[in-house]
Amino acid sequence: MRLTWCSRRLLLGGFQFSCRTLSQAARAEPAPSAGQAGPWHLYTAVCLQRLPVVAPPLSEMERRFTALLRQLEFERSLKSSHEIRHEMDIATAEALRASEGDDPDLAEAASLQTAADFEDACAEELAGFEPAPTVTEADRAGDQRSLQRRLSSRLVLVVQQRLGAGTSWMLPQGRHQDGATLRQVGRGAAGDTPRQTAEQTLQAMVGPNVNAQFLGNAPWGFYKYKYPKPLQQESGAIGGKVFFYKAVLRGGPVEPVADRVADHRWLTAAELGGQLRSGYRRAVHRLLIDHD
Amino acid sequence: MALSLGLSTVQRLAANVLDMSLSRSLCALTISTRRVISTSSPAAIAVSHPLCAEPLKKKKRIDPAVVRAREERRRRKLEKAIRRLEKSSRQLKPLAEMELPREVRAELSERRRPARPLTTEEANERFDLMKEWTRHRREQHVADVAVLRRIQESRAKALRELRAESFQLYCAAIEEDPDLVPWAHSGPTLTPPIDGYDAPDGDYVDTTRRWE
């Protein structure tokens with residue numbers, strides 16, 4: 001790497017500079033790090049999330065406080081026209097009973113639709129509408145491959161990816177080819193940014209028709225692992241460095257490609273522990289919102 | 001016409017009569033003062049081409065103090081007008097949506113609810129519940145901040161590692177993403193959408209107020 005005049009003033013691997021703006025320092029090339037035993041393969045992984053479809057039910061505290069707020073609002077309000085009408089209906093009915101049906105005007109007034117009748121008619125109309133249930137079939141069946149499960153939580157796509165001979169449960173991951181060192185035509189061509197690699201990886205794993213919006217050009221998480229010895233010798237690299245990218249599922253069918261992916265699951269943050277290895281799970285968990 | 005007039009004729013005519021007759025013909029009169037040698041005594045009077053305009057009035061000199069006084073009066077008038085307009089803009093205009101409708105305001109006495117006094121127990125319960133709620137919301141906020149900080153740190157670490165690995169990739173990663181802003185998402189609803197729901201057509205009455 002070229003050593004520019006400003007990089008010589010940066011301490012090795014640190015961000016200590018006195019009067020330089022952050023962006024200037026960021027754009028200055030770092031000094032070459034010493035003592036790297038061998039190259040690491042770079043991977044990008046995609047954390048594809050389905051956002052919550054329904055709001056979660058109110059907690060105990062929220063229910064009590066909502067009731068208090070409703071009560072306060074009722075006490076501080078004026079009567080609505082509907083309530084006034086209801087009171088007048090009651091008064092008319094009373095007057096009619098007192099006069100024992102002699103007064104024709106009262107009789108006519110009492111025969112019109114009362115406020116109570118109107119309320120009942122409205123309630124009947126509402127009962128005729130059947131909203132979709134928040135707890136779906138997939139919830140009851142525990143179908144982890146379905147997107148209709150756990151509608152009030154975020155779901156993350158986890159795949160059983162084929163690696164060499166075996167498979168492994170992980171987020172969809174693809175190798176990043178460094179354009180500067182590799183002159184190749186076709187997939188993973190020279191000059192791809194990690195984000196582009198992530199997008200290509202996702203399409204390769206779950207089909208080209210998925211509509212995912214990626215959240216920015218920067219990775220959100222990092223995980224490093226060493227290859228087993230035979231693979232180290234074979235590939236010439238110590239291991240892999242995985243950079244996680246986040247994406248939001250906007251629609252489109254998720255069709256896992258059979259020759260890359262054996263199986264897939266949509267899991268909440270809490271359920272990831274059951275599927276992923278602990279070190280990997282910790283790295284993934286750090287970049288997720290997990291309180292739902 | 002005037003060339004035929006002799007000097008004696010000009011002397012006999014009064015000044016205003018001369019002026020009137022000239023203006024009727026829209027001409028101006030000139031009398032030459034150059035030395036002319038001639039055997040007869042020409043009047044040296046000439047008449048110009050028709051001018052189609054009156055000669056300009058003589059400009060009277062105005063006292064500078066009077067001028068300044070006039071300017072001052074004009075400025076004070078304008079300032080007063082500006083202050084009046086600004087006062088109007090400082091006043092808060094009434095919002096129709098925030099005011100009670102006219103019909104309701106007329107029947108205010110009938111619409112008031114009978115004030116039901118709270119017992120001490122009820123008042124204490126409400127007070128305690130509100131305190132519990134503020135504690136609960138604060139805990140939620142603290143938890144949210146912790147989650148966000150954890151995610152930020154995860155990203156900072158990822159960027160550090162990427163920078164250590166490859167500077168070019170790092171520069172590509174910290175580029176702005178123009179598709180990210182504006183971000184739009186319609187949030188969670190109370191019930192999920194019904195598949196293939198056919199919303200029934202309805203009537204509505206447009207009550208938008210128009211001022212014309």
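In which helix of chain A is Glu108(A) found? Glu108(A) sits in helix α5, which covers residues 104-111 of that chain. Helices here are DSSP runs of H or I with at least four residues, strands are runs of E with at least two, and both are numbered from the N terminus.

A word on the source: this is a predicted model, in which local features need pLDDT of at least 70 and side-chain atom pairs count only at pLDDT 80 or more, while totals for chains, interfaces and linings use all residues. Residues are numbered from 1 along each chain as its sequence is written, chains are lettered from A and ligands numbered from 1 in the order in which they are written, and side-chain values use heavy atoms, with hydrogens and water left out.

## The two chains

Let's begin with the overall make-up. Chain A has ten helices and eight strands. Buried residues account for 38% of its 292 residues, where buried means under 20% relative accessible area, exposed means over 50%, and partly exposed lies in between (1.4 Å probe, protein chains only). The accessible surface of chain A is about 16,900 Å², and 54% of this belongs to carbon and sulfur atoms. Such areas come from the Shrake-Rupley method with a 1.4 Å probe, and for residues only the protein chains shown count as cover. Taking the contacts in chain A between residues at least 6 apart in sequence, 69% join residues at least 24 apart; a contact means heavy atoms within 4.5 Å.

Chain B has seven helices and two strands, and its elements follow the order α-α-β-β-α-α-α-α-α from the N terminus. Of its 212 residues, 13% are buried. Chain B exposes about 19,500 Å², with carbon and sulfur atoms supplying 56% of that area. For contacts in chain B between residues at least 6 apart in sequence, 23% join residues at least 24 apart.

## Salt bridges

Over all chains, the structure holds 21 salt bridges. The term stands for a side-chain nitrogen of Lys or Arg within 4 Å of a carboxyl oxygen of Asp or Glu. Here are some of the pairs.

| Pair | N to O distance |
|---|---|
| Glu87(A) and Lys79(A) | 3.0 Å |
| Arg150(A) and Glu271(A) | 3.6 Å |
| Arg195(A) and Asp177(B) | 2.7 Å |

In the pair of Glu87(A) and Lys79(A), Glu87(A) is partly exposed at 36% relative accessibility, whereas Lys79(A) is buried at 13%.

What does the salt bridge between Arg150(A) and Glu271(A) look like? Its closest N and O atoms are 3.6 Å apart. Arg150(A) lies in the loop between α7 (137-141) and β2 (155-163) of chain A and Glu271(A) in the loop between β8 (261-267) and α10 (278-286) of chain A, so the pair ties together parts that are 121 residues apart in sequence. Arg150(A) is partly exposed at 30% relative accessibility, and Glu271(A) is partly exposed at 22%.

The salt bridge of Arg195(A) and Asp177(B) has its closest N and O atoms 2.7 Å apart. This pair crosses between chains, from helix α8 (residues 194-206) of chain A, which holds Arg195(A), to the segment after α7 (167-173) of chain B, which holds Asp177(B). Arg195(A) is buried with a relative accessible area of 10%, and Asp177(B) is buried at 14%. Elsewhere, Glu75(A), Arg116(B), Glu122(B) and Arg126(B) are joined into one network by salt bridges that share partners.

## Surface patches

Patches are made of residues with over 30% relative accessible area and no salt bridge; like charges are joined within 9 Å, and nonpolar side chains (Val, Leu, Ile, Met, Phe, Trp, Tyr) within 5 Å. Lys and Arg count as positive and Asp and Glu as negative, while His and the chain ends are not counted. The place of a charge is NZ of Lys, CZ of Arg, CG of Asp or CD of Glu.

Glu108(A) counts as exposed because its relative accessibility is 55%.

A positive patch brings together Lys224(A), Lys226(A), Lys229(A), Lys157(B) and Arg160(B). At least two of its residues come from each of β6 (221-226) of chain A and α6 (120-165) of chain B. Lys229(A) is placed in helix α9 (residues 229-235) of chain A and is exposed, at 58% relative accessible area.

Finally, Phe129(A), Ile194(B) and Tyr197(B) form a nonpolar surface patch with about 270 Å² of accessible area together. Tyr197(B) lies in the segment after α7 of chain B and is partly exposed at 46% relative accessibility.
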